[in-house]
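Visitor: I'd like to learn how to read the features of a fold, one at a time. Could you walk me through this one?

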Amino acid sequence: MDMIIDSHVHVGTFPSIESAGQFLSTVPDVVAFRTRHRALYERFVHEEAADNGETLIADMNKFGIDRAIVQGRPGITNDFVARIAARYPDRLIPIAVPTPWPTPVDDPRDEEKMMSPKAVAGELERCISDLGMIGAGEIFVRRLTRTLQPEDIADDLAPMMDVLARRGMSVQIPTAWTQLPGGLFYGDPIWVDEVANRYPSVPIILTKMGRGIDHCFENCLAVAMRNENVHLEISGSSSAHARRALQTIGPTRLLFGTDWSPVWRFVRTPEPVVSKAIRIVEEATNDLDVRERLFSATAQILYGVSSFRGDVA
Ligand SMILES: [Zn+2]
């Protein structure tokens, strides 16, 4: 088996999340968690964050994942992510979330909770210089803009994109839905075309590539076709969409990820998120070279990751 790099993992957890596994065995369970078990879902904001590096490493070993690019989740700071990653330097590589994801006490509709484009760029710069992070993870666009106009969104993202261009680093932009409240508009990646066009040297990774929703996937494809710096990541997608992406943009801009998180790791029915993501790649192509590209080669290029096994340059 080739080396596998998981480009999309969320670390950090809370006691209430760790206790909620019984309610989270299917994808619809995870989506409904916030509304069905509101008190339990909201409890984490009053709790102390916990290090779940050991749980992640155990799952990586179980499913054959060699290395993971890790980022935070709601309530987890970049500093906390860096500390977890530092404990497993040959397995975990940290990236920054410069626009924190919302928690139940942190609503970005509240003007005071928004960040200025300059503040976002400053936080990213701090994560790179002080915490040794090697790129930007899934940004929460609503944190730094209120506009729905693609050119204006690109203006608001400009300071952050300037940092990435200068550093030669990439950014992940989430697509389709999340289990969090609000912000669904930005899940349709049609607006990303404007950003990608202005920053052709910055790799942009559209995570989840539409999450199996045809409408969102079509727009991921349209944006990726037009911009050679746009990459698609397959977690939560389908083998049919992965096959089509291979036919349309080829194998060099498609990459493996699972979206593993303290919540998603509980999903067991019909299958865990990690084995599902591996199956998407294996069902999309029988070509071993193409599989190797998706599983590790593209992530190695994007994140400058060399193999700790020493078998890939
Ligand atoms: Zn994610």
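Visitor: Which residue in S3 does Ala-68 stand opposite?

Guide: Strands of a sheet pair through backbone hydrogen bonds, either parallel or antiparallel. Here, Ala-68 stands opposite Leu-92 in S3. A word on the labels: helices (H or I, at least four residues) and strands (E, at least two) are DSSP runs, numbered from the N terminus. Residue numbers start from 1 along each chain as its sequence is written, and the model is a predicted one, where local features need pLDDT of at least 70, side-chain atom pairs count only at pLDDT 80 or more, and totals for chains, interfaces and linings use all residues. Side-chain values use heavy atoms, with hydrogens and water left out.

Visitor: How many bridges join S2 to S3?

Guide: Three bridges join strand S2 (residues 67-71) to S3, and the two run parallel. Two strands count as paired if DSSP finds at least two bridges between them.

Visitor: What is the strand order in that open sheet?

Guide: S1-S2-S3, three strands with parallel pairing. Strand S1 (5-10) and strand S3 (92-94) are at the edges with a single partner strand each, so one side of each has no neighbour in the sheet. From one strand to the next, the twist averages 30°. For angles, axes are lines fitted to C-alpha atoms (for helices, over the stretch in contact), and the angles run from 0 to 180 degrees between N-to-C directions.

Visitor: Which strands does helix H12 touch as it packs on the sheet?

Guide: Helix H12 (residues 288-303) touches S1 and S2, and its direction makes about 70° with that of S1. Contact here means heavy atoms within 4.5 Å.

Visitor: And at what angle do H11 and H12 pack?

Guide: Helix H11 (residues 273-284) packs with H12 at an angle of about 150°, with the axes 9 Å apart. That makes H11 roughly antiparallel to H12. The cut-offs: under 35 degrees counts as roughly parallel, over 145 as roughly antiparallel, 65 to 115 as roughly perpendicular and the rest as oblique. H11 passes H12 in a right-handed crossing; a crossing is right-handed if the near helix is turned clockwise from the far one by less than a right angle, and left-handed if anticlockwise. Ile-278, Val-281 and Glu-282 of H11 make the contact with Arg-291, Leu-294 and Phe-295 of H12. By class, the residues of this contact of H11 with H12 are four nonpolar, no polar and two charged. In that scheme, Ala, Val, Leu, Ile, Met, Phe, Trp, Tyr, Cys and Pro count as nonpolar, Asp, Glu, Lys and Arg as charged, and the others, Gly among them, as polar.

Visitor: What about H5 and H6: how far apart are their axes?

Guide: 11 Å, with helix H5 (residues 78-87) and helix H6 (residues 117-131) packing at an angle of about 25°. H5 is therefore roughly parallel to H6. Their crossing is right-handed. From H5, Asn-78, Asp-79 and Ala-82 meet Glu-123, Arg-126, Cys-127 and Leu-131 in H6. That contact of H5 with H6 has three nonpolar, one polar and three charged residues.

Visitor: How many salt bridges does the structure hold?

Guide: Side chains of opposite charge can pair when their charged atoms come close. The structure holds 19 salt bridges, each a side-chain nitrogen of Lys or Arg within 4 Å of a carboxyl oxygen of Asp or Glu. In one of them, the side chains of Asp-51 and Arg-87 meet at 2.4 Å, N to O. Asp-51 lies in the loop between helix H3 (38-42) and helix H4 (53-63) and Arg-87 in helix H5, so the pair ties together parts 36 residues apart in sequence.

Visitor: Which strands make up the open sheet of five?

Guide: Its order is S4-S5-S6-S7-S8, with parallel pairing. Strand S4 (136-138) and strand S8 (254-255) are the edge strands, each pairing on one side only. S4 and strand S5 (residues 171-174) pair over two bridges in the parallel sense, and Gln-172 in S5 is the bridge partner of Glu-138.

Visitor: Last one: where is the cis peptide bond?

Guide: Between Thr-269 and Pro-270, with omega about 5°. Pro-270 lies in the loop between S8 and H11.
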